[in-house]
Amino acid sequence: MSPDKPKSGDKALSLYVPEPEFRPGDTPDFSDVPIPKAGAASRPEIDVEAGDIRDLAYTIIRVLNRNGEAVGPWAGLLSDDQLKVGLEDMLRVRAFDARMLMAQRQGKTSFYMQALGEEAIACAFQKALRPGDMNFPTYRQQGLLLSTDYPVVDMMNQIYSNAADPLMGRQLPIMYTSKENGFFTVSGNLATQFIQGVGWAMASAIKGDTKIAASWIGDGSTAESDFHSALVFASTYRAPVVLNIVNNQWAISTFQGIARGKAATFASRGLGFGIPALRVDGNDYLAVYAVSKWAVDRARAGHGPTLIEHVTYRVGGHSTSDDPSAYRPKEESSAWPLGDPIERLKNHLIAKGVWSQAQHVQARERIEIEIAEAQKLAEKNGTLHDGPHSTPASMFDDVYKEMPLHLRRQRQEAGV
Amino acid sequence: MARMTMIQSIRSAMENAMERDDNVVVFGEDVGFFGGVFRCTQGLQEKFGPQRCFDSPINESGIVGAAVGMAAYGLRPCVEIQFADYVYPGYDQIASEASRIRYRSGNDFTVPMVVRMPTGGGIFGGQTHSQSPEALFAHISGIKTVIPSNPYDAKGLLIASIEDDDPVMFLEPKRLYNGPFDGHHNRPVTPWSKHELGDVPEGHFTVPLGKAVVRREGAEVTILAYGTMVYVAEAAAKETGVDAEIIDLRTILPLDMETIEASVAKTGRCVIVHEATKTCGFGAELMAVVMEGCFYHLQAPVIRVTGYDTPYPHAHEWEYFPGPKRVGDALRKVMEAA
């Protein structure tokens, strides 16, 4: 049989390449995107089997309805005071981002990445953890640190690579680290940290400790093999880890359909591993907290891993090096049906009668001033553009615990 | 002291390390109940339980990536990659992660991890069970790369590697597991029980990382070698009658430049031998070190004897393997040159 000759009736094959629905110039319309009603999703026990909650991997768990009310079985976990803290955390992230974006535009640093529109995810998740737990974040989880007592000035010192940078100018801006605040050193490579978090969680279990880990990944980088590695190891050893996918729809210019086709959901990838998978409204602070707390409690109780898909939208560019108007309509973010996380939490607190527009403006202004003052302090320590920086000799430090001969010789040659 | 093969001494190293420190854990493909395809972890699961010695999925990026996370937690994982040829899926975790975490985090996180892997040919393993990827590790800043050549060193170096606070790639020349091998593949195999370096203390001891050792003193030429090639070099020196000084590097990074420089300054000639492919092999780095440090002492061009720049050919193993004849030819050539 000759392989060259098709049989009569055969149709020529053609490759399917997914395309997003809207490109620049189109009018984005998400009215056909199904948004489940707030309060509709069930809330299972934490020792549930993955197969018994398959529906939660395909729906979107939501707590806040259109009237700003918290409804359904996932509601009612946070006090008014805790919600106000959450609102301020998100305002802090937004103000921090705005300032640092501007600093990059002013040439004070090389690079910045904002979390605009995604603030609820990291801020709410952090509140579900305990001191001693460890996040393995991507580059867009600054909210994890900004929701702890980590000094804002030190984050800025890192962004400026200045003389007070805790990382001595070695890392790209925003690649923070803080063991003390449960924030593993950000790599900048994608997905590598997803399996590392699983290993860290396995270590806690091996030692008989009570700490848990949280791994983070974006929709695009779930395509990396390390995502698969993490799910294999997490399910095999029932590691006490929460595996977070932040689905913000865009991986630089590539829409999320390239990472998953147009089939299923990212959350549903957990089901084949027997890992309970929950899809949550990432712009709903209450829903993110409730689902995160469920998964954290489950891990800590020894029931193993959970996969969470946080559904959100990346309102800003991928980074300061990106121009999203080249690949998606400018209006897309405002057409996105899940709204703005800060507005939604604010409206909820106002609807409850514990917050007002005036209080909100006051809080926002206070936080903006705090951030601006921190920026002034940080800039006293220098900026990438103008210095001062750490000493050049320090670039040879910490490659190894003890500097080997070849590095000592190179440092000498460098004359630093 | 006990007579040990290299397999037994490697197992003994892990056993000692696990006894001394609860934070040492061992895992990899087939290493648990079965004790590894080369049996280097035999008995460890039985002795220390499945939480400290266990089977892993067939997933090298997962093995190394999980070990990175465990090490960041405070454990000292000593993981096995079944063959060095299989390490590449885990290479990103080594090259981009483990190696840089101390540096990029300003000492906030560290990765005291050992990745063990059988390396080299000589067992008819074909392309996928014979590779020597050491140069791919030596090129990375922030990790150490160790290649022992005998049971005594294997144990002492492995304990030192496990106790080291930086990530260590530990390449075990599989052809040496059961005895020294000089490349004469048609002759009977000498077991470690008949070699003085098969005498290994049963208790804890270390051989320092980053220190080479002179295996044979000589005045006419320095041979730089590691792993299996140490014995090939010994055979070649004996068979040619050239008074060669043989340096067993033991650790290729950090490299013991001082021992190399002192020897070449003394002999004025240098032959570099490794089993890995030639182009950009570690021999190229060794030659550069000799040129930078000893150029005015040299009486002849430095020669490399290496595997060829081809995949490891199954049927032509012994034509590919840089055996004593090729090393002997290089010794004669370097002696004739001046």
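Guide: Happy to! Let's take helix α10 of chain B, whose face turned away from its buried side carries the exposed residues B:A288 and B:E292. Helices (H or I, at least four residues) and strands (E, at least two) are DSSP runs, numbered from the N terminus.

The model is predicted: local features need pLDDT of at least 70 and side-chain atom pairs count only at pLDDT 80 or more, while totals for chains, interfaces and linings use all residues. Residues are numbered from 1 along each chain as its sequence is written, and chains are lettered from A and ligands numbered from 1 in the order in which they are written.

B:F282, B:G283, B:L286, B:V290 and B:C294 are the buried residues of α10(B). These residues lie on the same side of α10(B), because they cover an arc of only 100 degrees around the axis, the arc being that of the directions from the helix axis to the C-beta atoms. As for length, α10(B) has 13 residues, 282–294, and should span 18 Å at 1.5 Å a residue; its end C-alpha atoms are 18 Å apart, which agrees. The expected span is 1.5 Å times one less than the number of residues.

What lies over that buried side? The cover includes α6 (134–138), β10 (221–225), β12 (251–253), α9 (257–267), β13 (270–277) and β14 (303–307) of chain B.

One of these, β10(B), deserves a stop of its own. Five of its five residues are buried, so β10(B) is largely enclosed by the rest of the structure. Both of its faces are covered, with buried B:V221, B:I223 and B:A225 on one side and buried B:T222 and B:L224 on the other. Strand β10(B) pairs in the parallel sense with β13(B) over three bridges; two strands pair if DSSP finds at least two bridges between them. There, B:I223 has B:V271 as its bridge partner in β13(B). With strand β11 (residues 244–248) of chain B, β10(B) also pairs in the parallel sense, over five bridges, and B:L224 has B:I247 as its partner in β11(B). Between β10(B) and β11(B) the chain passes through helix α8 (residues 229–240) of chain B, in a right-handed β-α-β crossover. Right-handed means that, with the strands pointing away from the viewer, the path from the first strand over the helix to the second runs clockwise.

A last stop is B:R215, which sits in strand β9 (residues 213–216) of chain B. This arginine counts as partly exposed, because it has 19 C-beta neighbours inside 10 Å. Its contacts, leaving aside neighbours within four places in sequence, are B:V230, B:E234, B:I246 and B:D248; a contact requires C-beta atoms, placed from the backbone, within 7 Å. B:T228 is 13 residues from B:R215 in sequence and 13 Å from it in space, C-alpha to C-alpha.

To come back to where we began, α10(B) has B:A288 and B:E292 on its exposed face, while B:L286 and B:V290 are among its buried residues.

Definitions and conventions:
A residue is buried if 20 or more other C-beta atoms lie within 10 Å of its own, exposed if 12 or fewer, and partly exposed in between; C-beta atoms are placed from the backbone. Two residues are in contact if their C-beta atoms, placed from the backbone, lie within 7 Å.
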